[in-house]
Amino acid sequence: MAVPKRKVSKARRDKRRSQVWKLSAPAFSRCPQCGELKLPHRVCGNCGCYKGKEVIARKEA
């Protein structure tokens, strides 16, 4: 029966496992009103619209 000759160190074990849990970059979508990039299913930070309706009234500067 195969038995490890030496103990695998914690660093070597963790280096091997680290590749499995890579985070992916968040996906962006374009706002249909103003065209700015935004996270999907979120209110647009530029114009304050969500699903074609103005949800947050923006102050005019």
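Among contacts in the protein with a separation of 6 or more, residues 24 or more positions apart account for 0%. Please keep in mind that this is a predicted model.

Now the overall layout. The protein has 1 helix and 4 strands, and from the N terminus on they run α-β-β-β-β. The radius of gyration is 24 Å, while the globule rule gives 10 Å for 61 residues, so the protein is more spread out than a compact globule. Along the principal axes, the C-alpha atoms fill a box of roughly 70 × 25 × 15 Å.

One pair of residues gives a sense of distance. Lys-7 and Lys-51 are 44 residues apart along the chain, and their C-alpha atoms are separated by 57 Å. Lys-7 lies in the segment before α1, and Lys-51 lies in the loop between β3 and β4 (53–54). Is Lys-7 buried or exposed? Lys-7 counts as exposed, because its relative accessibility is 76%. Lys-51 is exposed as well, with a relative accessible area of 71%.

Next, the surface. The accessible surface of the protein comes to about 6,200 Å², and 55% of that surface belongs to carbon and sulfur atoms. Of the 61 residues, 10% are buried.

What makes up the nonpolar surface patch of about 290 Å²? The patch is made by Phe-28, Leu-37 and Leu-39. Phe-28 sits in the loop between α1 (10–18) and β1 (29–30). With 51% relative accessibility, Phe-28 counts as exposed, since the cut-off for that word is over 50%.

On to the cysteines. How many disulfides does a search of the whole structure find? The search finds 0 disulfides. Cys-31 is in none, and the nearest cysteine sulfur, that of Cys-47, is 3.6 Å away. Cys-44 is in no disulfide either; for Cys-44 the nearest cysteine sulfur is that of Cys-34, at 3.7 Å. By the cut-off of 2.5 Å, that pair does not count, so Cys-44 stays without a disulfide.

Now charged side chains. Side chains of opposite charge can pair when their charged atoms come close. The structure holds 1 salt bridge. Which residue forms a salt bridge with Asp-14? The partner is Arg-13, and the closest N and O atoms of the pair are 3.1 Å apart. Asp-14 is partly exposed, at 38% relative accessibility. Arg-13 is partly exposed too, with a relative accessible area of 29%.

Last, the backbone. Most residues other than glycine have a negative phi. Here His-41 has a positive value, with phi near 60°. Where is His-41 placed? His-41 is in the loop between β2 (37–38) and β3 (49–50). Because its relative accessibility is 65%, His-41 counts as exposed.

To sum up the points to take away. The chain carries 1 helix and 4 strands, and the protein is more spread out than a compact globule. The search finds 0 disulfides, and the structure holds 1 salt bridge. The nonpolar patch comes from Phe-28, Leu-37 and Leu-39.

Technical notes. Residues numbered from 1 in each chain as written. Predicted model: local features only at pLDDT ≥ 70, side-chain atom pairs only at ≥ 80, totals over all residues. Heavy atoms only, no water. Patch = residues over 30% accessible without salt bridge, like charges linked within 9 Å, V, L, I, M, F, W, Y side chains within 5 Å. Areas by Shrake-Rupley, 256 points an atom, 1.4 Å probe, with all protein chains shown as cover. Salt bridge = Lys/Arg side-chain N within 4 Å of Asp/Glu carboxyl O. Helix = DSSP H or I, 4+ residues; strand = E, 2+ residues; numbered from the N terminus. Buried < 20%, exposed > 50% of the residue type's maximum accessible area, 1.4 Å probe, protein only. Rg over C-alpha atoms; globule rule 2.2 N^0.38 Å. Contact = heavy atoms within 4.5 Å.
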